[in-house]
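My entries follow in the order in which I made them.

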2 protein chains.
Amino acid sequence: MQLGRLYPQPRDRSREAHMRVAVLGGDGYCGWATALYLSKQGHSIAIVDNFIRRQWDYELGVQTLTPIRPLSDRLKVWQELTGNQIELFVGDVTDYDFLSSTMKAFGPEGVVHFAEQRAAPYSMIDRKHAVFTQVNNVVGTLNLLYALREFQPDCHLVKLGTMGEYGTPNIDIEEGYITIEHNGRKDVLPYPKQAGSFYHLSKVHDSHNIMFCCKIWGLRATDLNQGVVYGTMTDETALDEALINRFDYDEVFGTVLNRYCVEAAVGTPLTVYGKGGQTRGFLDLRDTVRCVEIALLNPAARGEFRVFNQFTEQFSVLELARMVQTAGKKLGLEVQVDHIPDPRVEAEEHYYNAKHSKLIELGLKPHLLSDSLLDSLMNISLRYRDRIDTTKMMPQVNWREARNTRRQQVSASACSSASEPQPAATGRSR
Amino acid sequence: MQLGRLYPQPRDRSREAHMRVAVLGGDGYCGWATALYLSKQGHSIAIVDNFIRRQWDYELGVQTLTPIRPLSDRLKVWQELTGNQIELFVGDVTDYDFLSSTMKAFGPEGVVHFAEQRAAPYSMIDRKHAVFTQVNNVVGTLNLLYALREFQPDCHLVKLGTMGEYGTPNIDIEEGYITIEHNGRKDVLPYPKQAGSFYHLSKVHDSHNIMFCCKIWGLRATDLNQGVVYGTMTDETALDEALINRFDYDEVFGTVLNRYCVEAAVGTPLTVYGKGGQTRGFLDLRDTVRCVEIALLNPAARGEFRVFNQFTEQFSVLELARMVQTAGKKLGLEVQVDHIPDPRVEAEEHYYNAKHSKLIELGLKPHLLSDSLLDSLMNISLRYRDRIDTTKMMPQVNWREARNTRRQQVSASACSSASEPQPAATGRSR
């Protein structure tokens, strides 16, 4: 564990109201909400994005439930409404010339790195998607580490990791490190990793690479091992229809609670994988943005690789399905729960107790999962019901197969919308 | 820890004298010796190689101490001397079409995977070398995992890892897994990884990826976490001058004991990095080849990811220097030991106690480091003294720098050979 004793310690940034922060992947689900939130708090923000997240929707024949606008429109409206200008750098973080020149031009004090392929099922489609995910994520992060070393060595890296790095060990999960007593000796070591997809593994690889660079170059980094995010709105994205955030409900990019809410709204059974005892950490998107700010305002020391477990509550996926069922009933919706074969290779029942106190200690006030949040998600689903493609909810990517046919689009005749056909508005595949 | 209960268990291969074994990277230092040894034992061998190891010598302006022949010559002489034909597949394991068609064509029961960039300093030259090393190694291994899953699912993967994956924790190092008791609960988890270069990190990434594929696809794999190898000869490579093995002594590819022996032979001081208390596991090349055979003859079960620590003795690098000094004295050589600034970021004094009993239990009879081996290495150095370039021994790659100028070749005038200039024979840079 690097404590950075060799390096000059940082100014106390917690007293600095304004920071220059680059948000890599700032056009995505968490990235967009984070960029707006940080801009609203008075920080100077640059978004760095290559729009590949939008490209993956085209590839998979899916679309966000909510009709998001082009980033240039989003930024224009944000400036009109708030007077805050967010800078934009369009390019790929795996392109070092682009990334390093961006770092030099913007000169950030903090970098929030969301710019990775983030869907486990996408990484499990086939070999090309597995290789793409690992190369894209690992090389992007390596490039960022080198760019910081060369041009912004004092900049604080806030990296989005995942709770999925830990897997489901039969002991408590600690925040990044664990004290091990063994044969009469003791050390604090990185917590063992047992990731469950090529995507989750890419984050494990990143964590090891970042830890090493903090050690050899005295970089400062915080790895936010985030749980499963739910929700779509923040105070900022709710300001105007043009600022609306992504809401993915498909089997590849849709996170589980968001998908259940859409399923409940359109009257298809909730797709619980296997027994549903899979327990994970969850958090509201409004807490994601605040956690990132907390990390930025309390930076790691030079040479320190710090890990926070970023979630607020644990649930099993069956517990979530039951909660959605109950909330649906109150809205007059008949919600069925289906147990379908688990497409993933994972324990369907297991011990799970993960620590998550560090962000709380630094001031996080969690938005715990509530009926009103579930109501809100279902109401959004009902509002955009015409855009829902119900053929995109059942899992098509099986972990046990080396080649899943996810690229084969369903034919037009097999594609059904939950509403009457509205050719210009439905989410049917190309 | 996957115990493979879901998969059919293997035939008892320990009774099969003959196996079909593909040696990926079979033209390299350990790979060549392994291919010949396994061929001699009666196994049917295919070498898979793209000769990039020879290319790196050109890039760095170095060459093996020993004049190795083109692989086609080597294989022809081997067949003439023994009657054993080794098949050859020329191509890159990062090319899936090539690798998968090779697996289909040869149909191996075992694959020994040496085909990675294996030098820590090479990976630390600059960003391009770091990215190359991680992408080359990780993608090659991912491709191999997919090829096995698709075309040879019962084939046993014997993967070369490294003891460097563990770093230098303050507790005993176990073989791959450690039993952790924590807050009243217990689990057997992957041993925490603290690798010390982008190369060593690439092996950590591989280990996590392979463990996952054993779990989801029921592959069988043994990760040989190898220590630092010394020596150059085996019974097989000694049969004929045409079969001679590589012997790298340069600062990038030369392993520490081999480099010391060359330095002693030519009368330059031994280059001990820092205090020299860096303690590692070491083994003789003749044990490398036997360990690989032991792993092949006792394959992992379906679904099992097994880890063996493959070394026979622990030494600090200063202890090795003293041993070389003593052995040199007996040959009438005056050997100085220089402590130069450590180009690596590593503990120069630390606790180190790594377990290595699993291969012994399966029958390994170690060749412990002896004066006669040191004599032999120094005599080889003296024999090929004309090929030694003494400018290639001092470290030029500093872990603390993001850009090392290793690609800038020294000018002809700055290049000195230990012998009188012999333009056609010296190892001077291009």
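The model is a predicted one.

**Entry 1**

I started with β5(A) and β8(A). Strand β5 (residues 156-162) of chain A runs parallel to strand β8 (residues 220-226) of chain A, and 7 bridges join them. I looked up one of the partners: L157(A) is bridged to A221(A) in β8(A).

I then traced the whole sheet. It is open, has 7 strands with parallel pairing, and reads β3-β2-β1-β4-β5-β8-β12 in chain A. At its edges I found β3 (87-90) and β12 (305-310) of chain A, each pairing on one side only. From one strand to the next the twist averages 20°.

Next I checked which helices lie across the strands. Helix α1 (residues 29-40) of chain A lies across β1 (20-24), β2 (44-49) and β8 of chain A, at about 165° to β2(A). Helix α7 (residues 198-217) of chain A lies across β5, β8 and β12 of chain A, and its angle to β5(A) is about 150°.

**Entry 2: a hairpin in chain A**

I looked at β6(A) and β7(A), which form a hairpin with 2 residues between them. In the turn, N183(A) has a positive phi of about 50°. Strand β6 (residues 177-182) and strand β7 (residues 185-190) of chain A are antiparallel, with 6 bridges. I noted that I178(A) has L189(A) as its bridge partner in β7(A).

**Entry 3: a three-stranded sheet in chain B**

I found an open sheet of 3 strands in chain B, ordered β9-β11-β13, with mixed pairing. Why is one side of β9 and of β13 left without a neighbour in the sheet? Both β9 (228-230) and β13 (313-316) of chain B stand at the edges with a single partner strand each, so one side of each has no neighbour there. The twist in this sheet averages 45° from one strand to the next.

I also checked the pairing of β9(B): it runs parallel to strand β11 (residues 279-284) of chain B, with 3 bridges. V229(B) has L283(B) as its bridge partner in β11(B).

**Entry 4: where chains A and B meet**

I counted 55 residues of chain B in contact with 55 residues of chain A. The two chains bury about 5,200 Å² between them, and carbon and sulfur atoms give 63% of that area. On the chain B side, R127(B), Y146(B) and F212(B) lose the most area to chain A, together 13% of what that side buries.

I counted 22 residue pairs in polar contact between the chains, both residues at pLDDT 80 or more. The elements of chain B that give two or more residues to this side are α6 (127-151), β6 (177-182), β7 (185-190) and α7 (198-217). By type, the residues of that side are 29 nonpolar, 11 polar and 15 charged.

There are 4 salt bridges between chain B and chain A. One that I looked up is R149(A) with E401(B), where the closest N and O atoms are 3.6 Å apart.

**Entry 5: salt bridges overall**

I picked out R118(A) and D248(A), with an N to O distance of 3.3 Å. The two residues are 130 residues apart and link distant parts of the chain. R118(A) is in the loop between β4 (110-113) and α5 (120-123) of chain A, and D248(A) is in the loop between β9 (228-230) and α8 (256-266) of chain A.

Key:
Residues are numbered from 1 along each chain as its sequence is written. Chains are lettered from A and ligands numbered from 1 in the order in which they are written. This is a predicted model: local features need pLDDT of at least 70, side-chain atom pairs count only at pLDDT 80 or more; totals for chains, interfaces and linings use all residues. Side-chain values use heavy atoms; hydrogens and water are left out. Two strands pair if DSSP finds at least two bridges between them. Helices (H or I, at least four residues) and strands (E, at least two) are DSSP runs, numbered from the N terminus. Axes are lines fitted to C-alpha atoms, for helices over the stretch in contact, and angles run from 0 to 180 degrees between N-to-C directions. Contact means heavy atoms within 4.5 Å. Buried area is the accessible area (1.4 Å probe) that two parts lose on being put together, summed over both. A salt bridge is a side-chain nitrogen of Lys or Arg within 4 Å of a carboxyl oxygen of Asp or Glu. A polar contact is a pair of N or O atoms within 3.5 Å; within protein, one must be able to donate a hydrogen and the other to accept it, and residues adjacent in sequence count only if both atoms are side-chain atoms. Ala, Val, Leu, Ile, Met, Phe, Trp, Tyr, Cys and Pro count as nonpolar, Asp, Glu, Lys and Arg as charged, and the others, Gly among them, as polar.
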